[in-house]
Amino acid sequence: MVPELVTAVVAGGAGALVYAAAAARVVKQYERGVLFRLGRLGGEVRSPGFTMIVPFVDRLAKVNMQIVTLPIPAQEGITRDNVTVRVDAVVYFKVVDAAAALVNVEDYKFAVSQMAQTSLRSIIGKSDLDDLLSNREKLNQGLELMIDSPAVGWGVQIDRVEIKDVSLPESMKRSMARQAEADRERRARIINADAELQASKKLAEAAQQMEDTPAALQLRLLQTIVAVAAEKNSTLVLPFPVELLRFLERAQEHPQDHPQDHRLEK
């Protein structure tokens, strides 16, 4: 009698261990467990930690709740201003409703990928080339909104969308390079013209000042002579004002006159 009882206890204990091993589940911190009982969604989503299910009746599906980085393959399209480009992007998203991600869509990652590719091609067709190159933040927001709208029903939240690269044909790159060069040359000419205008205004003011004060012209002439002499030139061409030559001629013709008379005659 005792051996049979011991055997029954051992068998029961072994069965309990087997049942516990088959029913025990561990959900990691970044996961959520969705329970299906006889094929139907049953109960609340299991939180991280140790949990139990009914073997052969329940099935626990684990869903990763981490942010997923999904690259979008390069999409080729024609912009609104008829330029052929290839654009690739990256989508950052995460699951916010584990049950909806498993029940409402067959493969939420594949669905987000296809929606992102379609939205990217749509954005290319609605945008100009300048927007793709310089106004990416606005395009990123529009692309995020286009992907996030259907993804809400899949239990997925789009965290961020970024356009990575815009590839242009070689002919377009050469045309843009010529355009940039022409623009830089135009700005250089405008700057030079503005500098000439400012210099002419200053020269006009200086000429007006010298006209009011004739001695300033003589001082300027002496400064010019000093500047030219510093270059160690063998030949020095010195311009003399005609008024100065006439003054010297009159001084030779009337050497005995009073200086006041010279000023009056002048």
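This is a predicted model: local features need pLDDT of at least 70, side-chain atom pairs count only at pLDDT 80 or more; totals for chains, interfaces and linings use all residues.
Me: In which hand does helix 3 pass helix 5?
Reply: The crossing is right-handed. Helix 3 contributes Met115, Ala116, Ser119, Leu120, Ser122 and Ile123 to the contact. From helix 5 come Leu139, Gly142, Leu143, Met146, Ile147 and Pro150.

Me: How do the residues of this contact divide into nonpolar, polar and charged?
Reply: Nine are nonpolar, three are polar and none is charged. Gly counts as polar here.

Me: What makes phenylalanine 93 and tyrosine 108 an edge-to-face pair?
Reply: Their ring centres lie 6.5 Å apart, and the cut-off for a pair is within 6.5 Å. Their planes stand at 85°. Edge-to-face needs over 60 degrees, so the name applies. The structure holds one aromatic pair.

Me: Which parts does the pair tie together?
Reply: Phenylalanine 93 lies in strand 7 (residues 84–95). Tyrosine 108 lies in helix 3 (residues 108–126). The pair therefore links parts that are 15 residues apart in sequence.

Me: How do you know whether phenylalanine 93 is buried or exposed?
Reply: Its relative accessible area is 0%. Buried means under 20%, so phenylalanine 93 is buried.

Me: And tyrosine 108, buried or exposed?
Reply: Tyrosine 108 has a relative accessible area of 11%. That is under 20%, so tyrosine 108 is buried.

Technical notes. Residues are numbered from 1 along each chain as its sequence is written. Side-chain values use heavy atoms; hydrogens and water are left out. Rings of Phe, Tyr and Trp (its six-membered ring) pair if their centres lie within 6.5 Å; planes under 30 degrees apart count as stacked, over 60 as edge-to-face and the rest as tilted. Helices (H or I, at least four residues) and strands (E, at least two) are DSSP runs, numbered from the N terminus. Buried means under 20% relative accessible area, exposed over 50%, partly exposed in between (1.4 Å probe, protein chains only). A crossing is left-handed if the near helix is turned anticlockwise from the far one by less than a right angle, and right-handed if clockwise. Contact means heavy atoms within 4.5 Å.
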